[in-house]
Amino acid sequence: MFLDEKTIEVRSGKGGNGLSSFRREKFVPLGGPDGGDGGKGGSVILRANEQYTTLLDMGNLHVYKAKNGEDGGPSKSTGKSAKDLIVDVPCGTLVKDGDGHILADLTEPNQRWIAAKGGRGGLGNVHFVTPALQGPEKATQGQRGERRELHLELKLVADVGLVGFPNAGKSSLVNKISSARPKVGDYPFTTLEPILGIIAENSRSFVVADIPGLIEGASEGKGLGHEFLKHIERTYALLFVIDAFDENAWKNFQTLRKELKKFHPKLVEKPYAIALNKSDLGIEKAEKAFSAKKEKFISTSAITGDGISELKRILSQLVPDKRKKSFGWGK
């Protein structure tokens, strides 16, 4: 199961109360005020974790509650502040309020956003001394924490998104070019969920996302349309994986482009490469059709390995160096 939407409740901690107290010393019968301040309540902080790939990685918890700060003590001692509660989410998580307004967009590893700020601690009576009032008994309560409901929506963060119709061979191909191991199910949607894989090329690495197969009408919500098309939005480049053994290979490519444009016009402006897959079956007709249309392509086969090295090189060229990572990404 792939979970890309989740509603959670976050509650920050209450600040500790300030204390009203007075010194009691043997030779100071009229000791002054010495009540300390309350500690700060813990905040709830969302943190982008590159080890997480789906919202399922967060577990089944839906309410995240930070602890309260401790009350102030005598001798002007401040109560202990509560630790912030860190809640890890996958990179690419959008945080929205109940009305659908975007509050945060957590795309970079270790990026943080305060979901609920901890309450301030109350003030002890030492703060209320005046020339006219040397022994105030006043102290303030700690500030209450925040409580809010948040809607999380995951959009995969990848450099290259693989796009193709069901049974185009995307899952097999991504197995060859990256470290990913896609889960495969029954036709028509063979890949069960978007899968991230890492391609290592020239001492650098970048991320590919195997997007589940689309069908005509996906932009209108047919099949798994909107559910997965949104994951392509964050990719820098696209790889169209075409079943070149299909006699309608060129038409299928055009249909994929049309569906992307309908969903979001900017998707067809992304840099892209074309893999005419299943070259081991004989794809001369498709190669001639794409050549006639002046489209550059790489003929590939996940079975024989034909074109795999060239495909990795081409994809590496599509991804800017600033988006690439040194080896060891994700470890």
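Which strand pairs with strand S1 (residues 5-11), and over how many bridges? Select residues 147-154 as well: this is strand S8, antiparallel to S1 over seven bridges. Helices (H or I, at least four residues) and strands (E, at least two) are DSSP runs, numbered from the N terminus, and two strands pair if DSSP finds at least two bridges between them. Now click on Val10, which sits opposite Arg148 in S8.

Before moving on, note that this is a predicted model, where local features need pLDDT of at least 70, side-chain atom pairs count only at pLDDT 80 or more, and totals for chains, interfaces and linings use all residues. Residues are numbered from 1 along each chain as its sequence is written, and side-chain values use heavy atoms, with hydrogens and water left out.

Next, show the whole open sheet: its five strands run in the order S3-S1-S8-S5-S6, with mixed pairing. S3 and strand S6 (102-106) are at the edges with a single partner strand each, so one side of each has no neighbour in the sheet.

Then select helix H3 (residues 249-263) and helix H4 (residues 284-292), which pack at about 50° with axes 9 Å apart. Axes are lines fitted to C-alpha atoms, for helices over the stretch in contact, and angles run from 0 to 180 degrees between N-to-C directions. Show Ala249, Trp250 and Phe253 of H3 beside Ala286, Ala289 and Phe290 of H4 to see the contact (heavy atoms within 4.5 Å).

Finally, colour by pLDDT, the predictor's confidence in each residue, from 0 to 100. The protein chain averages 84, while residues 215-226 fall below 50.
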